[in-house]
Amino acid sequence: MAEAFYNSYIGSKKATSAGLDLKHSTKGDDLSLPDSVIEVMNEIGHDLSSHRRKELTEQMVNDADIVVVTSDYPLPSYLENSKKLVRWDEIPDAARTPMDFHRKVRDMVKKRVLELIEQTKTTSK
């Protein structure tokens, strides 16, 4: 969700989403996004049906300006100790929850992405 919002608002392909431990997620080895994510994003004009999940790597962290984490899953040391780490702990995991909860999470992510964009504009001046 954050990747789609950020790239849409910035007009780029700079943001990339990745998970910490995909094999233990609700989709297991299936790299497609959860249907609920596709549905709630589709409702507001973001088609994520062709997007595939990626696992976070140390190289991705090295290449990033900022790494946002919404999970309380244990972090690898290369991320936990990174100055690039930004935690959005208030955003809950919506897995296995009703669609209305997914919509609330989507809206929370959208709000945080807009705040991040404003912060990066301010700090880059």
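User: How many aromatic pairs does the count come to?

Analyst: This is a predicted model, in which local features need pLDDT of at least 70, side-chain atom pairs count only at pLDDT 80 or more, and totals for chains, interfaces and linings use all residues. Residues are numbered from 1 along each chain as its sequence is written, and side-chain values use heavy atoms, with hydrogens and water left out. Rings of Phe, Tyr and Trp (its six-membered ring) pair if their centres lie within 6.5 Å; planes under 30 degrees apart count as stacked, over 60 as edge-to-face and the rest as tilted. By this rule the count comes to 1 aromatic pair.

User: How are the rings of F5 and Y9 arranged, stacked or edge-to-face?

Analyst: F5 and Y9 are 4 residues apart in helix α1, so about one helical turn separates them. Helices (H or I, at least four residues) and strands (E, at least two) are DSSP runs, numbered from the N terminus. The ring centres of F5 and Y9 are 6.1 Å apart and their planes are at 10°, so the pair is stacked.

User: Which residues make a nonpolar surface patch with Y9?

Analyst: Patches are made of residues with over 30% relative accessible area and no salt bridge; like charges are joined within 9 Å, and nonpolar side chains (Val, Leu, Ile, Met, Phe, Trp, Tyr) within 5 Å. Accessible areas come from the Shrake-Rupley method with a 1.4 Å probe, and for residues only the protein chains shown count as cover. The patch covers about 240 Å², and Y9 makes it together with I10 and L114.

User: Which residues does V113 contact, leaving aside its neighbours within four places in sequence?

Analyst: Contact means heavy atoms within 4.5 Å. With those neighbours left aside, the partners of V113 are A2, F5, Y6, Y9 and W88.

User: Against which elements do the buried residues of α2 pack?

Analyst: The buried residues in α2 are S36, V37, I38, V40 and M41. Two of these, S36 and V40, are touched by M99, which also touches E39, not counting residues up to four places away in sequence. M99 has its place in helix α5. The buried residues of α2 pack against α1 and α5.

User: How far apart in space are M99 and E115?

Analyst: M99 is partly exposed, at 23% relative accessible area, and E115 is partly exposed at 29%. The two residues are 16 apart in sequence, and their C-alpha to C-alpha distance is 24 Å.

User: Which parts does the pair R112 and E90 tie together?

Analyst: Side chains of opposite charge can pair when their charged atoms come close. A salt bridge is a side-chain nitrogen of Lys or Arg within 4 Å of a carboxyl oxygen of Asp or Glu, and R112 and E90 meet in one at 2.7 Å, N to O. The pair joins parts 22 residues apart in sequence, namely helix α5, where R112 lies, and for E90 the loop between β2 and α5.

User: What is the distance between the closest N and O atoms of E115 and R112?

Analyst: E115 and R112 are 3 residues apart in helix α5, so about one helical turn separates them. They form a salt bridge, and its closest N and O atoms are apart by 3.3 Å.

User: What phi does R96 have?

Analyst: R96 is placed in the loop between β2 (85-87) and α5, and at 74% relative accessibility it counts as exposed. Most residues other than glycine have a negative phi. R96 is not a glycine, yet its phi is positive, at about 60°.

Definitions and conventions:
Buried < 20%, exposed > 50% of the residue type's maximum accessible area, 1.4 Å probe, protein only.
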